[in-house]
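Hi everyone, thanks for making time for this.

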Amino acid sequence: MNRELLFDLLQIPSPSGHEERMKAFLVKYLDVHGIKAQDLGPAGLSWGLGEGDKLAFFSVHIDQVAFVADRIDDEGYIYLKMPGIDPRIAPSQELTVRGKRELVGVVGMRPPHFLSEEEQKAPIPSEKLYVDVGLPGEEVKRLVPVGTVCTWRLEPLALLGSRVTGVGLDNKAGVFLALLVTEALGSKKLPGRIRFFASTQEEGVMFGAGFAGRSAYKSGESVLFAVVVDTTFGTDHEVKDSAFPLGKGSTLGVGPILSKSHLAIMRSIASELSIPYSLEPLTSFTGTEADVLSISGKGIPTILLSIPLRNMHSPVEIVDLDDVESSLKLLSAALQREDLWSS
Amino acid sequence: MELLKQLCDAPGVSGHEDAVREILIKAVGSYAESVHVDSLGNLFMTKGKGKKGPHLMFTAHTDEVGLMVERIDDEGFIKFMTLGGIDPRVLPAKRVRIGKDAICGVIGIKPFHLSDKEERKEVTPLSDLRVDIGASSRSETERFVDVGDPIWFDTLFEQQGDILKAKAFDDRAGCYMMAELIKHEFRFPATFVWSVQEEMGLRGGRIAAARVRPDIMIVLEGTGACDLPTDADVARRPFLGKGPVITILDRTVVANQRLVELLCQTAERDGIPWQFKRPLVGGTDAGAAVRVKALGAAVVAIPARYIHTPVALAHLKDIINTIELVKAAAERLREVKL
């Protein structure tokens, strides 16, 4: 498997609302593979495969969670907003402050020498968390406008076996899978057209997918089904419920908002090809683009495939590439099957 | 700065200081008249043998705070203990390296989405944290990791103008400053000691002092800067970038008043900025040494923000100024009646 491509994706900062660099990378990458991507402006990017009247969507979000500079005090300490991030993991993280100039920063906290035992017992509330770039206040105020995004400063890294850790694996593992599926299907005869969406601003605001859904509605096209690829919670020493083991395949979502008939076909293909997967039960809210796409326009039957991921929304997210590999097999097989397109 | 970078990036949690020692021997061993390593791992270099006294000893500790493997569980996760004073609040979601092969791992977290309101009010206790190296079973982890292996923070040195970012400025900054000082010709016999296990209760420094028995001891440290945001009405010194930090008293020693005066007066004379350390914070090898021999001890440090955490900030000018101050003050040691 082309690990290098994933590592390239992991090194491109793509905070929600600031996905330009990721878009540029994807345009270039797809171009090399003979595919012209269409720029959807702030909503992301789209590209197509196959031909014919039948149309399916394949959507991945390309944004990642990040910190935002909220206020800078006179000494140059930058206070942070942290949408979707547990303030308890912020202390002592290294950040790249993406202001007028990129700055290295550290989320500061008083060392134990200056704290009582009592003070060490409570988490530091988010409004007291700040990033320190070591520069005088005036300089920081000049270089770091309020609203500047700050991202975790870590290179991707291979762990044992097929596991990797990196910043923004949610959802760069999904973007990686979408690119692999695109490549795998590029030379294949498909039962219809697939329109891929690399959408923006999923985290928190769920913006890009809404655009994708509306685009079909506006053009009057009817979408047979949509595939959403995202990440889900991986089990670890502590997290056992609502989570799925790494290395045992991705999850297929099951629940009221997802298509039952498409799920049944996905499951039968998986068992036919002996591809491992787990069923992920989800109620009214999946926390993914499926929530939006399934009720776009006149409604789109939606399949949700999620890659198990540990330590979600932290700088130490982990996925198992075996799960990407098995998902690639499943999705590329399924998307070539007439039954999925005629369900 | 290449040597400081090497020293900060090197692993060296207490009891596992070998890599730091090797870097120092390679970098400055050739400046010494003798090089010796004792049973605990203290590194000694001497200069100026035969010169008239007083006998001066410089000390910086090679160890850093970190973690140690306590046990490996059935699923291959690693439970760990802390070595030295570490606030458990800095540990979640950090990258670490483990053991002789420097295996990569991460300290995992429970995702925000899955923790309830009550849980978010609590600090995750040390006993609930694990290192994850990507293994799926105990046997897979055991192929790479042993109980007792050191675990250190996977942090890299970077420079941004005068601001330096790294782990372990406490006390690789001191190690570096001593490596610069040994290149200098002092007027007296001098022994340079890079000590071990300071964070374990000043263990290396104690036997080093017993061996060297100096008249005067100068400890070079990386101490905590306290110029951090606070609502409390407390002193905020020392400040990053405002010069060498001179100790009056800490939790282990009362610095020799004549040496303190010498340091302050020399700084004033030479126009070197300086500041006092907040009293009764921390401790150094001087505290162990004065219990072995009645000697005059002083502690000079660079201020570093966020010591004892995975990543700290220091100021280049503080390092340069501290080296200059110690050199200049040492020239005048004979003026001091201890």
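Let me begin inside chain B, where eight residues of domain 1 are in contact with 10 residues of domain 2. On the domain 1 side of that contact in chain B, the classes come out as three nonpolar, four polar and one charged. Before I go on, please keep in mind that this is a predicted model.

Now over to chain A. Here domain 1 covers 3-64 + 168-342, and domain 2 covers 67-152. The C-alpha centres of domain 1 and domain 2 of chain A are separated by 33 Å. Eight residues from domain 1 of chain A and eight residues from domain 2 of chain A make up the contact. The domain 1 side of that contact in chain A holds three nonpolar, four polar and one charged residues.

Next, the two chains together. How many residues does each chain bring to the contact? Chain A brings 51 residues and chain B brings 50 residues. On the chain A side, β7 (102-107), β8 (130-132) and β11 (163-165) each provide at least two residues. Of the elements on that side, β7(A) gives the most, with three residues. By class, the chain A side that touches chain B contains 26 nonpolar, 14 polar and 11 charged residues.

In chain A, β10-β11-β17 is the order of an open sheet of three strands with antiparallel pairing. Its edge strands are β10 (157-158) and β17 (318-320) of chain A, each pairing on one side only. Three bridges link β11(A) and β17(A), again in the antiparallel sense. If you want a landmark there, find Arg163(A), which stands opposite Asp320(A) in β17(A). Packed on this sheet is helix α8 (residues 321-335) of chain A, touching β11 and β17 of chain A, with its direction at about 50° to that of β17(A).

The crossing of α6(A) past α8(A) is right-handed. Which residues meet there? From α6(A) we have Met266(A), Ile269(A) and Ala270(A), and from α8(A) we have Leu330(A), Ala333(A) and Ala334(A). The class count for this contact of α6(A) with α8(A) is six nonpolar, no polar and no charged.

α8(A) also lies across β12, β13, β14 (250-254) and β16 of chain A, running at about 165° to β16(A). Those strands belong to an open, mixed sheet of eight strands in chain A, ordered β1-β2-β12-β3-β13-β16-β14-β15. The edges of that sheet are β1 (38-39) and β15 (277-281) of chain A, each pairing on one side only. Within the sheet, strand β3 (residues 55-61) and strand β13 (residues 225-233) of chain A are parallel and share five bridges. Ala56(A) stands opposite Phe225(A) in β13(A). Helix α4 (residues 169-185) of chain A packs on the sheet too, touching β2 (44-49), β3, β12 (193-199), β13 and β16 (302-309) of chain A, and its direction makes about 140° with that of β13(A).

Last stop: strand β4 (residues 67-72) of chain A. On the one hand, β4(A) runs antiparallel to strand β9 (residues 149-152) of chain A, joined by two bridges, and Val68(A) stands opposite Val149(A) in β9(A). On the other hand, four bridges join β4(A) to strand β5 (residues 78-81) of chain A, also antiparallel. There, Ile72(A) stands opposite Ile78(A) in β5(A). What lies between the strands of this hairpin? The hairpin of β4(A) and β5(A) has five residues between its strands, and Gly76(A) takes a positive phi near 95°.

Technical notes. Residues are numbered from 1 along each chain as its sequence is written. Chains are lettered from A and ligands numbered from 1 in the order in which they are written. This is a predicted model: local features need pLDDT of at least 70, side-chain atom pairs count only at pLDDT 80 or more; totals for chains, interfaces and linings use all residues. Two residues are in contact if their C-beta atoms, placed from the backbone, lie within 7 Å. Ala, Val, Leu, Ile, Met, Phe, Trp, Tyr, Cys and Pro count as nonpolar, Asp, Glu, Lys and Arg as charged, and the others, Gly among them, as polar. Domain bounds come from an automatic or database domain assignment. Two strands pair if DSSP finds at least two bridges between them. Axes are lines fitted to C-alpha atoms, for helices over the stretch in contact, and angles run from 0 to 180 degrees between N-to-C directions. A crossing is left-handed if the near helix is turned anticlockwise from the far one by less than a right angle, and right-handed if clockwise.
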